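Subject: Structure for you to look at

Hi,

I'm passing on the structure we talked about. Please open it alongside this note, and my findings follow below.

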Amino acid sequence: MKKFVLLYVGMWEHTPEVMNGWKKWFEILGDRVVDSGNPFGAGREITKSGTKELPQDEHAIVGYTIINAESLEEVEKLAKSCPIITSVKIYEAMSM
């Protein structure tokens, strides 16, 4: 099994319907979940030219989950059923 990091992009409201959608989606992910993750708060980007605050808008990375899966294609299929996010960015966590 490979390990994948899912980064959720976009703002969402914490309504009962949304939270129920999350619960159902994590049931679909099942035992693939390594770390269910957390939502993100305020952030900063640090570069050689300085530091800037990261806005909490529709382009913000708002949380993460780490799962096990056989392939990027498997994770892509699962991510398409994510209930509430503008987009999901998927990265394979490479072994060192």
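In the largest pocket, β5 makes the biggest contribution to the lining, with four residues. Please keep in mind that this is a predicted model.

The pocket first. It holds about 210 Å³ of space. Two elements, α1 and β5, each give two or more residues to its lining. The lining has 14 residues in total, and those nearest the centre of the pocket are W12, W22, F26, N38 and P39. By type, the lining comprises eight nonpolar and six polar residues, with no charged ones.

Now to helix α1, which runs over residues 16–29.

Which residues of α1 are buried? They are V18, G21, W22, W25 and L29. These cover an arc of only 100° around the axis, so they sit on the same side of α1. Covering the buried residues of α1 are, among others, β1 (2–9), β2 (33–35), β5 (61–69) and α2 (72–79). On the face turned away from the buried side, α1 carries the exposed residues P16, E17, K23 and E27.

After α1 comes G30, with a positive phi near 55°.

Best wishes

Definitions and conventions: Residues are numbered from 1 along each chain as its sequence is written. This is a predicted model: local features need pLDDT of at least 70, side-chain atom pairs count only at pLDDT 80 or more; totals for chains, interfaces and linings use all residues. Side-chain values use heavy atoms; hydrogens and water are left out. The expected span of a helix is 1.5 Å times one less than its number of residues. Buried means under 20% relative accessible area, exposed over 50%, partly exposed in between (1.4 Å probe, protein chains only). The arc is that of the directions from the helix axis to the C-beta atoms. Contact means heavy atoms within 4.5 Å. On a 1 Å grid over the protein atoms alone, a cavity is a set of points where a 1.4 Å probe fits but cannot get out, and a pocket is an open set with protein on both sides within 12 Å along at least five of seven lines; lining residues have an atom within 4 Å of a point. Grid points are joined across faces, edges and corners, and a volume is the space filled by probe spheres set on the points. Ala, Val, Leu, Ile, Met, Phe, Trp, Tyr, Cys and Pro count as nonpolar, Asp, Glu, Lys and Arg as charged, and the others, Gly among them, as polar.
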